[in-house]
Amino acid sequence: MAGVEGGRMDVGEVLGLLDEREAACRAECDRLVAEAERIGGLLSVCRAELERLVTARGVVGELAMAHPAKALAPLNGVVSAVPAVESEVFAEQVLAVLVERDRPVRCQEVVAALGQDATVARHVERVRHRLKKLRAAGRVEETKPGMFTLPRARGPAKG
């Protein structure tokens, strides 16, 4: 090896190796920044679509509640029921609270998060009923009696 005396490198060789590593690291940083910008753009598009869908669901629910006679009119031979639309909107609101909390919660906490009085039995029972229906549908888990959370991702089945 040129410039090696007794197994040592001279300063020029060390600086050359540092330059190579720095250039490689700089290129990797540039690549990662470009990838982060690409992902950020995709995330913005996805968030905008999610916001649009949430708004649409809210508008449909409001329209159905504001015009119950029209909401019950048959559409292509199928009768649409206001309670079904209202119920699904309410279920989405309850699920949104569980997403925010990301831990098991009691019905009273969900009621309070929805801006209702958690000391009013009617509000608590409405939420409890909805959570039990969501559990039956597999959209919610009851970790212990009265404690609800979103289902955790399961690993691949072993067999």
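Colleague: How many helices and strands does the protein have?

Modeller: Helices (H or I, at least four residues) and strands (E, at least two) are DSSP runs, numbered from the N terminus. The protein has five helices and four strands, in the order α-α-β-β-α-α-α-β-β along the sequence. Residues are numbered from 1 along each chain as its sequence is written, and side-chain values use heavy atoms, leaving out hydrogens and water. As the model is predicted, local features need pLDDT of at least 70 and side-chain atom pairs count only at pLDDT 80 or more, while totals for chains, interfaces and linings use all residues.

Colleague: Is Arg130 buried or exposed?

Modeller: Buried means under 20% relative accessible area, exposed over 50%, and partly exposed in between (1.4 Å probe, protein chains only). Arg130, in helix α5 (residues 121-136), is buried at 12%. Across the protein, buried residues make up 16% of the 159 residues.

Colleague: Where does Lys132 form a salt bridge, and with which residue?

Modeller: A salt bridge is a side-chain nitrogen of Lys or Arg within 4 Å of a carboxyl oxygen of Asp or Glu. Lys132 pairs with Glu142, with the closest N and O atoms 3.0 Å apart. Lys132 lies in helix α5 and Glu142 in strand β3 (residues 141-144), so this pair ties together parts that are 10 residues apart in sequence. Both are partly exposed, Lys132 at 31% and Glu142 at 22%.

Colleague: How many salt bridges are there by this rule?

Modeller: The count comes to 11. Glu100, Arg101, Arg103 and Glu109 are linked in a network of salt bridges.
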